[in-house]
Amino acid sequence: MSAATLPDSEQRASGAADASLAERVFRIRESGILAVLIVFVGVTTAVQHRFLDTANIQFMLVDTTTFALLALGETLVVISRNVDLSVGSVVGLSAYLSADLFVGHPGIPIPVVFLAGLGIGLACGVVNGFMVAIGRVPSLVVTLATLYIIRGIDILIVGGNEVDASSLPNAFLDIPKDTIGGIPDIAIAVALIIAIGAYYLRTFRSGRDLYAIGSNPDAARLAGLPVGRRVFTAFAVSGAIAGVAGVLWSAQYGTINSTAGTGYELQVVSAVVVGGVAIFGGSGSVTGAAIGALLLTTISSALYVLGISSFWDQAIWGFLLLVAIALDQTITERLTNALRSRKPGSRKPGSARPGFRKPGARKPAIESPGTTHE
């Protein structure tokens with residue numbers, strides 16, 4: 001083995017070990033969220049036994065589906081070191097326009113309505129992606145602006161009107177109610193979509209590119225990654241998913257007005273960050289984001305069952321968001337320090353480099369064959 005081959009193999013082994021350490025750390029982070037969820041459910045059930053009634057469990061699962069879907073799209077964006085604050089407004093616009101199709105076109109097929117919602121969300125996502133990826137405008141500024149613009153368009157279209165549940169077909173309203181073995185069909189479908197999203201991020205190159213971009217956008221560009229195209233696609237997918245979530249929202253609640261989806265952006269971002277996706281990009285998973293969405297929905301349901309005002313919901317979400325960001329920052333700093341200390345070339349200050357002799361030191365009388373010096 002040559003002298004050049006050994007350091008090369010050591011670097012590859014070190015890189016694999018570093019990746020393994022980072023993955024274990026963030027897996028523990030996700031497991032911690034799941035443990036918190038289990039403990040919270042146990043404590044709430046001990047106080048109020050009807051919390052785990054079949055009807056309440058089904059309601060929580062159905063309520064989680066919308067946020068889990070939105071968390072999937074938001075995760076793609078946040079991993080790339082961006083944020084999409086317009087998802088709540090997209091949900092509201094899609095919910096009204098898609099439900100209004102049943103009013104204006106009686107007998108329209110339900111899949112067509114879902115396609116319409118997807119198209120509405122995709123158009124909004126493309127606008128966000130174009131301004132962020134092509135225009136190089138910070139995503140926080142872009143999506144904060146489109147949050148208000150899309151909500152304003154929604155208010156102008158809806159006015160003082162609303163779509164009433166009586167004008168929607170029963171087959172559409174039954175979507176959140178249909179179950180298989182007591183589990184809502186929609187929850188099973190969304191779980192499969194989450195699994196596909198998780199597989200995509202872990203397996204496909206375009207999914208892995210998002211992690212690289214979020215870790216270091218400049219390095220990703222130097223490495224030749226299509227940063228603009230990946231970020232644009234992430235926003236487009238996030239918008240499309242929000243459009244579909246809007247259709248599901250209208251099926252769940254039936255009565256839709258201009259307030260649909262208001263404030264959802266806070267809960268979605270909180271679910272994603274609480275679920276272990278780093279707000280600074282580069283790490284996290286779709287599965288963790290879905291668990292975060294389930295945790296926040298469970299908290300809201302527990303407050304209702306315990307008779308506590310729902311006004312505490314957003315306060316708790318905000319608190320969990322701050323705790324999650326602080327925890328992620330601490331984990332990142334400690335993980336970085338741990339990785340640096342594990343580097344083969346790392347050494348304590350003042351220690352001699354390998355192969356370096358202090359002045360006056362005697363040269364060894366015999367050297368091994370192939371030994372090289374600096």
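This is a predicted model: local features need pLDDT of at least 70, side-chain atom pairs count only at pLDDT 80 or more; totals for chains, interfaces and linings use all residues.
How near do the axes of helix α3 and helix α4 come, and at what angle do they cross?

**View 1. Helix α3 meets helix α4.** The axes of α3 (residues 87-104) and α4 (residues 110-134) come within 9 Å and cross at roughly 150°. Because angles over 145 degrees count as such, α3 is roughly antiparallel to α4. The crossing of α3 past α4 is right-handed.

**View 2. The residues where α3 and α4 touch.** On the α3 side, look for Val90, Leu93, Ser94, Leu97, Ser98, Leu101 and Phe102. They meet Ile110, Val113, Ala116, Gly117, Ile120, Gly121 and Cys124 of α4. Sorted by class, this contact holds 10 nonpolar residues, four polar ones and no charged ones.

**View 3. Phe67 and Tyr264, an aromatic pair.** Across the whole structure, a search finds five aromatic pairs. In this one, the ring centres of Phe67 and Tyr264 are 4.7 Å apart and the planes stand at 40°, so the pair is tilted. Phe67 belongs to helix α2 (residues 54-79) and Tyr264 to helix α11 (residues 264-274), so the pair ties together parts that are 197 residues apart in sequence. Are these two residues buried or exposed? Phe67 has 4% relative accessibility and counts as buried; Tyr264, at 12%, counts as buried too.

**View 4. Phe102 and Phe172, another aromatic pair.** Here we return to Phe102, one of the α3 residues that meet α4. Phe102 and Phe172 form a tilted pair, with 4.8 Å from centre to centre and 50° between the planes. This pair links distant parts of the chain, as Phe102 sits in helix α3 and Phe172 in helix α6 (residues 170-173), 70 residues apart. Both Phe102 and Phe172 are buried.

**View 5. An aromatic cluster.** Which residues come together here? Tyr199, Tyr200 and Phe204 form one aromatic cluster.

**View 6. Arg81, a loop residue with a positive phi.** Find Arg81 in the loop between α2 and α3. Its phi is positive, at about 70°, although Arg81 is not a glycine. With 43% relative accessibility, Arg81 counts as partly exposed.

**View 7. Arg136, in another loop.** Arg136 lies in the loop between α4 and α5 (139-158). Arg136 is not a glycine either, yet has a positive phi of about 60°. Is Arg136 buried or exposed? Its relative accessible area is 59%, so Arg136 is exposed.

How values were computed:
Residues are numbered from 1 along each chain as its sequence is written. Side-chain values use heavy atoms; hydrogens and water are left out. Axes are lines fitted to C-alpha atoms, for helices over the stretch in contact, and angles run from 0 to 180 degrees between N-to-C directions. Helices (H or I, at least four residues) and strands (E, at least two) are DSSP runs, numbered from the N terminus. Angles under 35 degrees count as roughly parallel, over 145 as roughly antiparallel, 65 to 115 as roughly perpendicular and the rest as oblique. A crossing is left-handed if the near helix is turned anticlockwise from the far one by less than a right angle, and right-handed if clockwise. Contact means heavy atoms within 4.5 Å. Ala, Val, Leu, Ile, Met, Phe, Trp, Tyr, Cys and Pro count as nonpolar, Asp, Glu, Lys and Arg as charged, and the others, Gly among them, as polar. Rings of Phe, Tyr and Trp (its six-membered ring) pair if their centres lie within 6.5 Å; planes under 30 degrees apart count as stacked, over 60 as edge-to-face and the rest as tilted. Buried means under 20% relative accessible area, exposed over 50%, partly exposed in between (1.4 Å probe, protein chains only).
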